[in-house]
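Here is a short note on the model below. Please read the points with the structure open.

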Amino acid sequence: MSTIKIASLLVKTLAKPVANSIKTQAKQHPKFKEFCINVAQGSHTLEMTLKMKFLGYKKEKIRPLNDARAIESGANFLSEAFVFAVAASVIIAESWRSRATAKNRRNYVDDALENLENRTKTLTELFEEARELNHTNEARLKQIEEDNVHLRKILDEILSVSMGLKRHTEYQQQPTIIQLPGISGEGL
């Protein structure tokens, strides 16, 4: 807000000499004087017509301004139009700049969100792969534990028979030999 106030003060300060120059040139140059007279007569006619319509008066013939008054009025109109145009252009430029800044920020935030979403998706996929691998490893560990218990029973049976604590015929079921990966059954 303070930036706008400073900018408007700067515009008024810089535009006043130009406006005064317009007034001076209107009095000195014949073509510019003619232009100022035409502008003043047109604005006077428009102003009076609007006043009559809004105030409810019947339309009468509008008398033109005298040349001295028309030159002064036209020069004032042009100088004020110049000040207004400069101020409006400053406001429009500031508005455009702030809109561009907001757009750049919005694009940056959108890009950052998209990157975070991609990273989250990648991490979720890695987490799911790790979970599946964990389930697979748990199933393999359970199978190894079961095989270990079964092998322990077979080893206990073999030791009992070889030490003479049990007779081989007392064993009702033939032990099944488990084929472990990487171990061939030829040496058994």
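1. The largest nonpolar core has 10 residues: Ile22, Ala26, Cys36, Ile37, Ala40, Leu65, Ala70, Ile71, Ala75 and Leu78. A nonpolar core here is a set of buried Ala, Val, Leu, Ile, Met, Phe, Trp, Tyr and Cys residues joined through side-chain atoms within 4.5 Å. Helices H1 (2-28), H2 and H3 each supply at least two residues of this core, and the largest share, 4 residues, comes from H3. Helices are DSSP runs (H or I, at least four residues), numbered from the N terminus.

2. This is a predicted model, in which local features need pLDDT of at least 70 and side-chain atom pairs count only at pLDDT 80 or more, while totals for chains, interfaces and linings use all residues. Residues are numbered from 1 along each chain as its sequence is written, and side-chain values use heavy atoms, with hydrogens and water left out.

3. Ala70 is in contact with Cys36, Ile37, Ala40, Gln41 and Leu65, leaving aside neighbours within four places in sequence. Contact means heavy atoms within 4.5 Å.

4. In H2, the buried residues are Cys36, Ile37, Val39, Ala40, Gln41, His44 and Met52. Buried means under 20% relative accessible area, exposed over 50%, and partly exposed in between (1.4 Å probe, protein chains only). After H2 comes Gly56, with a positive phi near 85°.

5. Asn66 lies in the loop between H2 (30-55) and H3. Asn66 counts as partly exposed because its relative accessibility is 48%.

6. Tyr108 is in H3 (residues 67-162). With a relative accessible area of 62%, Tyr108 is exposed.
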